[in-house]
Amino acid sequence: MAQAQDEPKTVEISGNVFHIFPFPAMKAANISGELFALIGPALGGLSAAVTTKDGEINTDKLTGFFASLTGDRVEGLLRRLLVANKNISVEVDGASPVWLTGDVADKIFCGAIGAMYRLAVEVIKVNYGDFFGVLGGLFGSPDENLLSKISKSTETST
């Protein structure tokens with residue numbers, strides 16, 4: 001059974017406790033177009049497309065993929081996932097929960113962009129987990145596949 005809209009998933013990231021509420025169904029559908037356009041290449045075989053026959057990363061192809069990810073596009077998607085819909089509350093340093101806004105996010109994630117991306121992944125899991133679960137079973141986990149290939153490539157280049 002799907003998660004109810006008023007039942008948050010609670011996660012701790014970098015010492016802060018976040019309560020992620022699912023998007024309304026139509027809002028999730030709207031955001032999915034932007035989300036899939038941005039991460040679709042990874043699901044469509046990005047990891048295979050950037051891998052050489054020897055299993056190494058073809059950095060030219062990988063750079064080409066990431067060049068299509070403009071800062072405005074990434075920022076826009078993160079804003080929609082994290083702050084625009086007031087779907088996340090956060091407890092900072094044990095204080096009472098407050099809604100995650102742009103200003104609060106700037107304070108929490110300044111110098112900790114990785115934590116912001118981890119939160120975005122959690123929001124995606126809450127709202128699109130069933131979709132990615134089906135794809136993961138067919139193709140493996142795109143994030144794990146790509147990260148393992150990048151990790152392997154950096155180990156051999158050092």
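Me: Two strands pair if DSSP finds at least two bridges between them. What makes β3 and strand β4 a pair, then?

Reply: Keep in mind that this is a predicted model. Here, β3 and strand β4 (residues 98-99) have two bridges. The rule asks for at least two, so they count as paired. They pair in the antiparallel sense, and Ser 89 stands opposite Trp 99 in β4.

Me: Which residue takes a positive phi in the hairpin of β3 and β4?

Reply: That's Asp 93, with a phi near 55°. The hairpin has six residues between the strands.

Me: How do you know that strand β2 pairs with strand β3?

Reply: Count the bridges again: four of them join β2 (residues 16-20) to β3 (residues 88-91). The cut-off is at least two, so this is a pair as well. These strands run antiparallel, with Ile 20 opposite Ile 88 in β3.

Me: Why does Glu 122 count as buried?

Reply: Glu 122 has 15% relative accessibility. You'll find Glu 122 in helix α5. Leaving aside neighbours within four places in sequence, Glu 122 is in contact with Lys 9, Val 11, Ile 13 and Ile 20.

Me: Which residues touch the most other members of the largest nonpolar core?

Reply: Among them are Phe 18, Ile 88 and Phe 109, in a core of 29 residues. Its largest share, eight residues, comes from α5. Not counting residues up to four places away in sequence, Phe 109 touches Phe 18, Ala 115, Met 116 and Leu 119.

Terms used. Residues are numbered from 1 along each chain as its sequence is written. This is a predicted model: local features need pLDDT of at least 70, side-chain atom pairs count only at pLDDT 80 or more; totals for chains, interfaces and linings use all residues. Side-chain values use heavy atoms; hydrogens and water are left out. Helices (H or I, at least four residues) and strands (E, at least two) are DSSP runs, numbered from the N terminus. A nonpolar core is a set of buried Ala, Val, Leu, Ile, Met, Phe, Trp, Tyr and Cys residues joined through side-chain atoms within 4.5 Å. Buried means under 20% relative accessible area, exposed over 50%, partly exposed in between (1.4 Å probe, protein chains only). Contact means heavy atoms within 4.5 Å.
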